[in-house]
Amino acid sequence: MANYLFRFKAWWLTRSLAIRIIIINVATLFIGRIAGVIISAASGGDATIVFDWLAMPPVIGQWLARPWTTITYMFTQEDVWHTALNMLWLYGFAGIFRMACTSRQLLGLYLLGGLGGAVLYALVAYTDPWAAGSGLMGSSAAVLAVITGTAIVIPDFQVRVFLFGMVRIKWIALILAIVFLAGSGLNAISALTHLGGIAVGVAFGMQMRRGHDITAPLNRLLDSLANLLRRKQPDPWQRPKENRNTASQPQRNVDDVLDKIKHSGFSSLTDDEKRRFFDFTNRRN
């Protein structure tokens, strides 16, 4: 079991941050659907119960009982088509975003965009229950923050679009923002949630052009929480100390490489460290 966990850790740490976010979104979709079918078949309960516990509830009393939904809602979607489109745009823009910014900033912007949508939802839904709907769920606000932020940081970057040739990224982002807002239809609260993500993206882009990173405080908070958790409980991915102390020199080298990937990302490795890592994982396979 430990061997499989170690191999999964190695695989997970070598994925880009955008891919990890996409995996979490897709996994939430399918796990929620499968678990809902099982629960419904076993007890006759509501098949959407898993999504209900991950979506941001429409009543403040329910939110107080499920505050984690402020985060989980932005990784949760029930519809396959909706998920596919959001993840497609996230993947495309994340690659462009990384040309000017870091993976940490990408994560911070995604989370802040989702939080921006959640704040606007709460301001309306928790003061006007008739407008609340059935709850807030979906990554659109977070994805729109990445799209908008990218377009403002590097507005004149060009990509090739079928039938149109080379198009500046700012025009693609503008069209997508309009499409997302139009897709809200007559659902004003959904449109407001999207506007929350767009506003965060605009703020990030404008501040980055002035040399200020609005994601830095959130990333520092996440680092502090991660360090606190590591101190309070053993890392399930970490090899036991006695094994590490008695490991061969090649094993210790690979452990050091994995630690570097965990803290700085795969792209921080030198060519020699990448070679050692892949040599070791190929032997494990």
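Biologist: What makes the second largest pocket a pocket, and how much space lies in it?

Modeller: About 380 Å³ of space lies in the second largest pocket of this predicted model, and it is called a pocket because its points form an open set with protein on both sides, whereas a probe in a cavity cannot get out. Of its 22 lining residues, Gly135, Leu136, Met137, Asn187 and Ser190 are the closest to the centre. Helix 3 (49–54), helix 8 (140–153) and helix 10 (188–209) are the elements that each give two or more residues to this lining, and helix 10 gives the most, with four.

Biologist: What makes the largest nonpolar core a core, and which residues have the most contacts inside it?

Modeller: It is called a core because its members are buried residues joined through side-chain atoms within 4.5 Å. This core has 46 residues, and Leu90, Phe93 and Tyr110 have the most contacts inside it. Helix 8 supplies the largest share, nine residues. Leu90 touches Ile21, Ile22, Tyr110, Val143 and Val146, leaving aside residues up to four places away in sequence.

Biologist: How do you know that the span of helix 2 agrees with its number of residues?

Modeller: Helix 2 (residues 17–43) has 27 residues, which at 1.5 Å a residue should span 39 Å, and its end C-alpha atoms are 38 Å apart, so the two values agree. After helix 2 comes glycine 44, whose phi is positive, near 75°.

Technical notes: Residues numbered from 1 in each chain as written. Predicted model: local features only at pLDDT ≥ 70, side-chain atom pairs only at ≥ 80, totals over all residues. Heavy atoms only, no water. Expected span 1.5 Å × (residues − 1). 1 Å grid on protein atoms, 1.4 Å probe; cavity = no way out; pocket = protein on both sides within 12 Å on 5 of 7 lines; lining within 4 Å. Points joined across faces, edges and corners; volume = space filled by probe spheres on them. Buried < 20%, exposed > 50% of the residue type's maximum accessible area, 1.4 Å probe, protein only. Contact = heavy atoms within 4.5 Å.
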